[in-house]
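Subject: The structure we talked about

Hi,

Here is the structure I promised to pass on. Have a look at it first, and then read my notes below.

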Amino acid sequence: MPIFGAELSEVAPKDPVSLAVVDDQYIVAFNRNSSTSGLMPDGAFSVMDTATETARAFSGLSTTQYPTVVPAAAAVGAGGYAWAAISYGHTVWKVDPVTGGVTTITTGSGFINNGAARVATAGGYVVLISTAGSSNGVRTINVSTNATAQYSITGHTFSSAVASDGTYVYFYGIVSSVAGLYRLDPSTGTATAVGGRGSGAPDGQGCYVGGSIWMSNTVSLFKFDPTGVAAPVAYNHTAITGGNYLDPVSLAAHTDGWIYGYGGSGYLIGFNPATGTFGKEALSPARGRRFNVVSCDGKLWVPSGEPLT
């Protein structure tokens, strides 16, 4: 899996944990606020224009350090905008990548019990699913109108990973004490069980490749059949030098047919669904404050918060 890369000296937040790709041109990197000093302060985000390979810095988000502002797996691109959910899911920012303008959308209180939101998009909606369950464990935003809705899934106590096939959002979680993959219709909030548990629980944001839902945990990639016919399959990568996926991680389906994720030891982890094999490549130069990879404009992109000064 040879990777030929170059580092651009463009601005990124000090902790770019959550990324959104908009129109296959813009990458919006949201900051995780902290007491660490850096070139970009709390409440900031950056927009990389992949057509020109230049990035711009913007402010306008909350500077609160607790709860974490825009945690990992909490941002997505849809309808020409980037959408990012604050921890606890009661606020979503809609960001215009061209102007940097921010629209604040309130989804309602009492959403998440000491957890975070996993965010995906499907069927013209941005969907937030509570990681900790709640009486209203699902929130949706209509991409065209900004209208919000709240839904309760009976027995929903836990969710850890989300993915989308463009029509439905799939989440891995526990509903009525049964762990597995569930299909959510964002227009109605109805959840349907479609897959078994498999050998381990995934976390973060998955992807849809080759008719399958793909999700990961630190050591494995999971293949789920969205029709529920085939049993889940787990692929383990620990035999290959290069470390594990970060937790939670966002998987990137790339134009070469591979699925990529960022490894916590500075490696890019790739998986070829056609052969069921992994590859790992050290990123150069070595940097800290890397968290996720995205696919945009035919390239893979991994922002870093370093150097801080």
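In what order do the 4 strands of the open sheet come? The order is β5-β6-β7-β8, and the pairing is antiparallel. Before I go on, a word on the ground rules. This is a predicted model, so local features need pLDDT of at least 70 and side-chain atom pairs count only at pLDDT 80 or more, while totals for chains, interfaces and linings use all residues. Residues are numbered from 1 along each chain as its sequence is written, and side-chain values use heavy atoms, with hydrogens and water left out.

Strands are DSSP runs of E with at least two residues, numbered from the N terminus. Two of them pair if DSSP finds at least two bridges between them.

**The open sheet**

β5 (75–78) and β8 (102–106) are the edge strands: each has a single partner strand, so one side of each is left without a neighbour in the sheet. From one strand to the next, the twist averages 25°. (Angles like this are taken between the N-to-C directions of lines fitted to C-alpha atoms, and run from 0 to 180 degrees.) β5 pairs with β6 (residues 81–85) over 4 bridges, in the antiparallel sense.

Next, find β3 (residues 45–49). Why can we call it largely enclosed by the rest of the structure? The reason is that 5 of its 5 residues are buried. "Buried" means under 20% relative accessible area, "exposed" means over 50%, and "partly exposed" is in between (1.4 Å probe, protein chains only). In a regular strand the side chains alternate between the two faces of the sheet. In β3 both faces are covered, with Phe 45, Val 47 and Asp 49 buried on one side and Ser 46 and Met 48 buried on the other.

β3 has antiparallel partners that you can trace. It pairs with β2 (residues 26–31) over 5 bridges, and Tyr 26 stands opposite Asp 49 there. Another 5 bridges join β3 to β4 (residues 54–58), where Met 48 has Ala 55 as its bridge partner. β3 and β4 make a hairpin with 4 residues between them. Glu 53 counts as partly exposed, with a relative accessible area of 31%.

**The cores**

Nonpolar side chains tend to be buried together in soluble globular proteins. A nonpolar core here is a set of buried Ala, Val, Leu, Ile, Met, Phe, Trp, Tyr and Cys residues joined through side-chain atoms within 4.5 Å. Which residues of the largest one touch the most other members? Of its 17 residues, they are Val 28, Phe 30, Phe 45 and Ala 82. β1 (16–22), β2, β3, β6 and β7 (91–95) each supply at least two residues, and β2 gives the most, with 3. Take Val 28: leaving aside its neighbours within four places in sequence, its contacts (heavy atoms within 4.5 Å) include Leu 19, Phe 45, Ala 82 and Val 95. There is also a second, separate core of 14 residues, with Ile 153, Val 169, Phe 171 and Val 175 among them.

A disulfide is a covalent bond between the sulfur atoms of two cysteines. The search counts a pair of cysteine sulfur atoms within 2.5 Å, and over the whole structure it finds 0. Cys 207 is in no disulfide, and its nearest cysteine sulfur, that of Cys 296, is 16 Å away. Seen from Cys 296, that 16 Å is too far for a bond. Cys 207 is buried at 7% relative accessibility, and Cys 296 is buried at 0%.

Where are the cis peptide bonds I noted? One runs from Ser 284 to Pro 285, with omega near 0°, and Pro 285 lies in the loop between β26 (277–282) and β27 (294–296). Another runs from Glu 306 to Pro 307, with omega near -5°; Pro 307 is in the segment after β28 (299–301). Asp 297, in the loop between β27 and β28, has a positive phi near 55°. Asp 297 is partly exposed at 34% relative accessibility.

Happy exploring!
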